[in-house]
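Dear colleague,

Please find below the structure that I am handing over to you, followed by an account of what was found in it.

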Amino acid sequence: ATPQPDPVVVRTADAEATQAFGERLGGMLRAGDLLVLTGGLGAGKTTFTQGLARGLGVRGPITSPTFVVARVHPSLTDGPELVHVDAYRLGGAAELDDLDLDAELDEAVTVVEWGAGLAESLSETYLTLVLTGDDERRIEIHAVGERWDDVLSALRA
Ligand code: ADP
Ligand code: MG
């Protein structure tokens, strides 16, 4: 197996800082990118996605798609749309398959909250963001695939 790069660790003091980080990362993304978000209830997954949406320039508002499971936010420019998924209520891989996310994947940036152990199968290349902490958040970013080499370098700089 290809060795994976060391994760990037970002610390955010408050919700605004988590959004600002999401916005910065959002500005680096392109169609076909998949982000898998993991971390407990209230960890900041949706807050991060709100910032990401700003960086992408998509139509809001971004709220937790816990009950609708998935929501599509069209681009306000000519960039990729945002497909925002909350896998919390999904029973498993079969129910994720039923969402047909792969149909949108190439044209979208796809973000899956609670996606660890499920959403990785959607693509050979993805970022996993692990959010922890009660006040300040620690966001650990793991990359799978060469696509992320430049992004990780930029985040480390
Ligand atoms: P999740 O989607 O992971 O369940 P949310 O983003 O919905 O979490 O909720 C995170 C909550 O924690 C929000 O109320 C947010 O204002 C608060 N919060 C406090 N500090 C931070 C931080 N550093 N980063 C993100 N959210 C924070
Ligand atoms: Mg959420």
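Strands S2 and S5 run parallel and are joined by four bridges; two strands are taken to pair if DSSP finds at least two bridges between them. Helices (H or I, at least four residues) and strands (E, at least two) are DSSP runs, numbered from the N terminus. Within this pairing, leucine 37 has glutamate 113 of S5 as its bridge partner. S2 is also joined to S6 by four bridges, again in the parallel sense, and there leucine 37 stands opposite leucine 129.

Before going further, please note that this is a predicted model, in which local features need pLDDT of at least 70 and side-chain atom pairs count only at pLDDT 80 or more, while totals for chains, interfaces and linings use all residues. Residues are numbered from 1 along each chain as its sequence is written, and chains are lettered from A and ligands numbered from 1 in the order in which they are written.

Five of the five residues of S2 are buried, where buried stands for 20 or more other C-beta atoms within 10 Å of the residue's own, exposed for 12 or fewer and partly exposed for values in between, with C-beta atoms placed from the backbone. Leu34, Val36 and Thr38 point one way from the strand, and Leu35 and Leu37 point the other way.

Why does threonine 38 count as buried? Threonine 38 has 20 C-beta neighbours inside 10 Å, and therefore counts as buried. Leaving aside residues up to four places away in sequence, threonine 38 touches Ala116, Thr128 and Val130; contact requires C-beta atoms, placed from the backbone, to lie within 7 Å. Threonine 38 and tryptophan 114 are 76 residues apart in sequence, yet their C-alpha atoms are 5.2 Å apart.

The sheet

Strands of a sheet pair through backbone hydrogen bonds, either parallel or antiparallel. Here, an open sheet of seven strands shows mixed pairing in the order S1-S7-S6-S2-S5-S4-S3. Its edge strands, S1 (8-12) and S3, each pair on one side only. Direction ignored, neighbouring strands are turned by 20° against each other on average; axes are lines fitted to C-alpha atoms, for helices over the stretch in contact, and angles run from 0 to 180 degrees between N-to-C directions.

S4 (residues 81-86) pairs in turn with S5 (residues 108-113) in the parallel sense over six bridges. Five of the six residues of S4 are buried. Helix H2 lies across S2, S3, S4, S5 and S6, running at about 170° to S5.

The ligand shell

Which residues of the shell are closest to ligand 1? They are Thr18, Gly44, Lys45, Thr46 and Thr47, out of 17 residues that surround ligand 1; a residue is near a molecule if its C-beta atom, placed from the backbone, lies within 6 Å of it. H1 (15-26) and H2 (45-56) each supply at least two residues of this shell.

Backbone geometry

Most residues other than glycine have a negative phi, and most peptide bonds are trans. The peptide bond from glycine 60 to proline 61 is cis, with omega near -10°, and proline 61 is placed in the loop between H2 and S3. In that loop is also valine 69, whose phi is near 70°. Valine 69 is partly exposed, with 17 other C-beta atoms within 10 Å. Aspartate 100 has a positive phi of about 55° and lies in the loop between H3 (93-98) and H4 (101-105). With 10 C-beta neighbours inside 10 Å, aspartate 100 counts as exposed.

The chain as a whole

The chain contains five helices and seven strands. Buried residues make up 38% of its 157 residues.

With kind regards

Key:
Contact = placed C-beta atoms within 7 Å.
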